[in-house]
Amino acid sequence: MNFKPRHTLENIEDVEEFYAAIKRENLTKSLSEDRPYTYWTIELYDQLNGIRGGGGLGILAADTRRVAEAMNVPLTLITPFYPRELHQRFKDGQSFDESVPVDYREFGFEYVDSVNIRCNQTLCRLDVIVKEFKSTRILAITEPNFGELYSGDSCGDHRLYQEVALGFGGYQALKLMGLKPAIMQLNEVATFFAALARLDELASNGMDFYEAVVYTRKHTLYTNHTLVQAAEASFSLDQFERFVFPNLKSKAVRKWLRDKFESGHIRLSSVTVEIAELKSGVSKLHARVANYHDLSGEKVHFHAITNGIDVPYWILPDTVEFYQNSKILDKFNLPTDIYEPQISRISSEQIRELKHRGRAFLNSVLASRPDSDGNVLNYAPDDIIFDFKRRFVDYKRPWLPFSDITRLKAILQKHNAHYLLTGRVHAGDSRMMARLNEVLDKIHSDDFLKTHVHYLPDYDEELARALSVGSNVTINIPIVGLEACGTSWEKDVGNLCLLVSTHDGGVADGPKDAYLYVEGDTEAKEIESLYARMEEAAAAWQNDFELEFWTRKQLAAFLPVLSGTRMLKDYLDYLFKSA
Ligand SMILES: *Cc1c(COP(=O)(O)O)cnc(C)c1O
């Protein structure tokens with residue numbers, strides 16, 4: 001990936017300007033090198049640093065750290081380093097996963113020391129490794145048998161071990177580095193044990209138990225990315241006896257935790273909402289509808305902080321430069337005061353020129369990423385490309401555009417358009433694998449589709465970026481109410497793709513008329529609406545007026561939403577206003 005290095009805030013005036021911009025002039029007092037913002041995540045998606053995640057949660061973590069680095073905010077991200085990762089391969093038309101070893105030394109991590117946790121009557125040794133990036137660092141724990149991300153059953157012993165290792169091991173790793181967390185942001189409940197480790201440390205070092213709870217709560221933010229509590233894993237008392245209680249020193253903390261079991265089981269979400277006073281959801285809609293209750297049955301209130309992206313990482317450098325030169329984005333990649341009038345001056349020539357450069361980049365990536373049949377693809381600057389790139393899971397409905405093959409074919413034929421599909425199936429999900437094969441069969445059984453629709457294996461950051469910068473129309477059609485935020489559509493809007501989407505997740509932060517929305521009260525009606533929108537989008541690329549109309553609308557509505565700096569600013573505002 002040959003994207004240029006970004007602008008970072010090198011000098012003190014820049015840093016102060018940013019802090020002034022986020023209206024927290026005393027922020028430097030709240031955070032410091034040895035009292036950083038700590039960001040806990042079971043998943044990080046940062047291939048340049050050797051860590052491949054599963055999807056949006058990991059991408060968000062990497063983006064958050066990169067934005068903090070650029071803005072000079074002291075942030076330590078704590079995560080596991082998984083010694084193995086899965087890659088999707090194709091053989092004789094069949095998709096399969098290959099497990100590949102990864103060595104942290106090859107990615108610039110340094111070994112610090114090791115720490116121990118108690119699991120299943122034995123002492124488990126975890127290696128602590130670190131990689132520093134200006135004001136930020138990735139602090140990881142690892143050991144040779146740590147396994148893969150999300151390996152095994154979500155309620156199983158190995159998953160609990162991974163979560164306990166991150167929490168208790170990661171907390172010890174912080175101390176090893178001489179760091180005290182100013183804030184602990186828990187991404188999803190899998191990171192609960194980090195806050196528990198802190199509570200235990202305070203309570204076993206002489207602080208009154210209730211004071212320790214109040215103190216821990218005040219400095220802990222739980223960020224929820226899941227809609228339904230019932231979908232979350234629960235663990236048994238027996239599992240906690242083997243993996244959790246042996247790591248607690250404080251009797252009072254053990255008792256507190258034991259009291260949280262209901263009929264022999266514990267849901268991590270119910271204790272996480274108790275240990276974190278601050279709680280956030282990842283889009284306006286998600287914060288409103290996430291259905292969580294605390295142990296007393298009260299509905300949990302989530303503060304909305306919509307996910308953003310690290311603009312220079314995901315958006316074509318020429319396009320970022322264009323936004324900055326046109327005074328649409330400032331040097332922090334925040335929208336300027338005049339971004340709206342400036343956006344209304346964007347011309348179709350400018351859009352086409354930037355997309356042509358993006359297309360060249362896409363072709364350069366496709367040269368080494370053949371499709372599932374081994375074809376090396378290459379597209380002319382003005383070919384219209386639709387893309388669908390996201391994990392192959394039910395609610396994202398990757399098969400929906402293939403519901404009526406005749407209709408899809410007619411749209412592609414009429415506009416001489418192409419359709420690129422990519423997205424991995426979660427390991428072991430045989431139902432989704434069957435649905436993928438169904439789609440592939442439909443493509444292969446038609447001579448036109450065979451040459452105009454392609455599946456790209458092993459969806460990852462490289463493909464995500466290449467398609468964002470190089471395609472024309474992106475399709476985002478989660479079942480309404482099921483996408484927490486989604487960030488790939490943000491990469492696409494920033495890269496001047498037309499967005500065909502259901503009104504869900506972060507998209508619903510904006511008004512419906514700002515993009516080509518798909519709707520219908522039955523799936524059949526949604527499919528009809530989808531084809532109509534695809535038709536409009538392809539036509540817009542052949543009509544300067546329409547292209548300008550939709551591009552300007554999308555950017556005006558979503559540039560403030562997609563800015564990762566805006567996201568970081570929102571977190572800092574929320575944390576330090578409340579703290
Ligand atoms: C951006 C990105 C995601 C996030 O996708 P959504 O489906 O929009 O949440 C997932 N995987 C990769 C590789 C990405 O680049």
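The legends below describe close-up views of a predicted model. Residues are numbered from 1 along each chain as its sequence is written, and side-chain values use heavy atoms, with hydrogens and water left out. Because the model is predicted, local features need pLDDT of at least 70 and side-chain atom pairs count only at pLDDT 80 or more, while totals for chains, interfaces and linings use all residues.

View 1. In α8 (residues 251-258), V253, W256 and L257 are buried, where buried means under 20% relative accessible area, exposed over 50% and partly exposed in between, with a 1.4 Å probe and protein chains only. Helices (H or I, at least four residues) and strands (E, at least two) are DSSP runs, numbered from the N terminus. The buried residues of α8 fall within an arc of 95° when seen down the helix axis, so they line one face of the helix; the arc is that of the directions from the helix axis to the C-beta atoms. On the other side of α8, K251 and K255 are exposed. The buried residues pack against α5 (192-204), α6 (209-218), α7 (237-243), β11 (265-267) and α9 (268-275), contact meaning heavy atoms within 4.5 Å.

**View 2. The open sheet of nine strands.** The strand order is β5-β6-β7-β2-β1-β8-β9-β12-β13, with mixed pairing, and two strands pair if DSSP finds at least two bridges between them. The edge strands, β5 (110-119) and β13 (303-304), each pair on one side only. Within the sheet, β2 (residues 75-80) and β7 (residues 136-142) run parallel and are joined by six bridges, with T79 opposite A140 in β7.

**View 3. Strands β14 and β15.** Six bridges join β14 (residues 384-389) to β15, and the two strands run parallel, with I385 standing opposite H418 in β15. Six of the six residues of β15 (residues 417-422) are buried: A417, Y419 and L421 point one way from the strand, and H418, L420 and T422 the other way.

**View 4. Residues around the ligand.** Of the 15 residues around the ligand, K396, A464, T487, S488 and K491 come nearest, a residue being near a molecule or strand if one of its heavy atoms lies within 4 Å of it. A backbone N or O atom of T487 lies 3.0 Å from an oxygen atom of the ligand.

Key:
A polar contact is a pair of N or O atoms within 3.5 Å; within protein, one must be able to donate a hydrogen and the other to accept it, and residues adjacent in sequence count only if both atoms are side-chain atoms.
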